[in-house]
Amino acid sequence: MHADAVVLDIDGVIVDVADSYRRAIVESIDHVYGRTIEKADIQLFKDAGGFNNDWELTYAAALYLLATGEGFQRSIEEFTDAIADAGGGLEATESVVREECGARATERIKQRWDRERLRDVFQQLYLGSDLYRGLEGGEPDPDLETRGFIHDEPLLLAEETREHLTERYDVGIVTGRPAAEAEIALERAGLDVPAEHRFTMDDWEEGKPHPRALTTLTDRFQADSVVFVGDTLDDIRTATNADEADSDSSREYHGVGVLTGGLTGEEGRRKYDAEGAAAVLESVDQLPDLLE
């Protein structure tokens, strides 16, 4: 596979977030409502699409639990399938709840649906007390004083892979992380990517799988062929959407999935293939061989 530029997601590609972001989703809901989803259920929301923002995934999962308290009887698999059918994301989640529960029950659910509190607890758990004070500007709750899950993110990108990619290709970043949290991960990985070659949550409103970030980076690199490496189906959809949005040019966009995020094993390969992934790798460290 030929490429002039390589664009990387962060979560599940450069760092492992199973015990950080995904743990924060589960524990934030539990802290606020006293019950929660299973960690494995997070992937169902990811596969439904539109949940590049883990805060919004947290809100959606909490909405499901609140709906079950109002008589919603469909399984979480059926719930996330319905979200996918409705277009994915938080707006689709609200639509599914409204259609299934009715107007009165939905109003009661929304009265208990405290997105601001969920986000605040999430940030306290994920960042830890010191970073929370510095980045969020608040004082953590006494019962949430913690070191922070952000420190439990093993590197997935080996040093030799990083050096190979940065020496031979233009390298960009497209991530759903806030800018400050993206910077922390990139520093830990030793990956020096200038601001103009990054798109974070703070840089674009649409989020993945909207193609704007990827096509913009391709313009900035003046590249004819770009490989985008991610760990979710929305990452593959981003590359596909970029190819369609830029169809008047001769540029090529290749979506490559890795099996170091929520999608793993043969089932992960099957899902990537069904979305039209150009390749599926065990990890980002196989990328240099693919590109050679």
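Helices (H or I, at least four residues) and strands (E, at least two) are DSSP runs, numbered from the N terminus.

**Ground rules**

This is a predicted model, where local features need pLDDT of at least 70 and side-chain atom pairs count only at pLDDT 80 or more, while totals for chains, interfaces and linings use all residues. Residues are numbered from 1 along each chain as its sequence is written, and side-chain values use heavy atoms, with hydrogens and water left out.

**Entry 1: the whole chain**

I counted 13 helices and six strands in the chain. The radius of gyration is 19 Å, close to the 19 Å that the globule rule gives for 292 residues, so the chain is as compact as a globular protein of that length. For my own record, that radius is taken over C-alpha atoms, and the rule is 2.2 Å times the number of residues to the power 0.38. The C-alpha trace spans about 55 × 40 × 30 Å along its principal axes. Of the 292 residues, 54% are buried.

Then I checked contacts (heavy atoms within 4.5 Å). Among those between residues at least 6 apart in sequence, 69% join residues at least 24 apart.

**Entry 2: the sheet**

In what order do the six strands sit in the open sheet? I read it off as β3-β2-β1-β4-β5-β6, with parallel pairing. The edge strands, pairing on one side only, are β3 (198–199) and β6 (279–281). Two strands count as paired here if DSSP finds at least two bridges between them.

I started with β1 (residues 5–8). It pairs with β2 (residues 170–174) over four bridges, in the parallel sense, and L8 has I173 as its bridge partner there. β1 also pairs with β4 (residues 225–230) over four parallel bridges, where V6 is partnered by V227.

A reminder to myself: in a regular strand the side chains alternate between the two faces of the sheet. In β1, A5 and V7 are on one side, V6 and L8 are on the other, and all of them are buried, which leaves both faces covered.

Next I moved along to β5 (residues 252–258). β4 and β5 share six bridges, again parallel, and one of the pairs is S225 with E252. On β5's other pairing, three bridges join it to β6, also parallel, with G257 partnered by V280. Six of the seven residues of β5 are buried, so this strand is largely enclosed by the rest of the structure.

**Entry 3: two helices, two spans**

For these I needed the expected span of a helix, which is 1.5 Å times one less than its number of residues.

Helix α5 (residues 89–101) has 13 residues and should span 18 Å; its end C-alpha atoms are 18 Å apart, which agrees. Its buried residues include L90, T93, V96 and V97. Among the elements covering them are α3, α4 (76–85), α6 (103–112) and α7. Just after α5, G102 takes a positive phi of about 90 degrees.

Helix α7 (residues 115–136) was another story. A straight helix of 22 residues would span 32 Å, but α7 spans only 16 Å between its end C-alpha atoms. Where does α7 bend? I found the bend at G128, about 115 degrees, taken as the angle between axes fitted to the seven residues ending there and the seven starting there. G128 itself is buried, along with others including L127, S129 and Y132. The cover over the buried residues of α7 includes α1 (21–33), α3 (54–68) and α9 (179–189). After α7 comes G137, with a positive phi near 70 degrees.

Leaving out residues up to four places away in sequence, E153 touches V15, D16, V17, S20, Y21, Y126, R177 and R188.

P209 lies in the loop between β3 and α10 (212–221). A cis peptide bond joins K208 to P209, with omega about 15 degrees.

Last stop was Q222, in the loop between α10 and β4. Q222 isn't a glycine, yet its phi is positive, about 55 degrees. With a relative accessible area of 70%, Q222 is exposed.

Technical notes
Buried means under 20% relative accessible area, exposed over 50%, partly exposed in between (1.4 Å probe, protein chains only).
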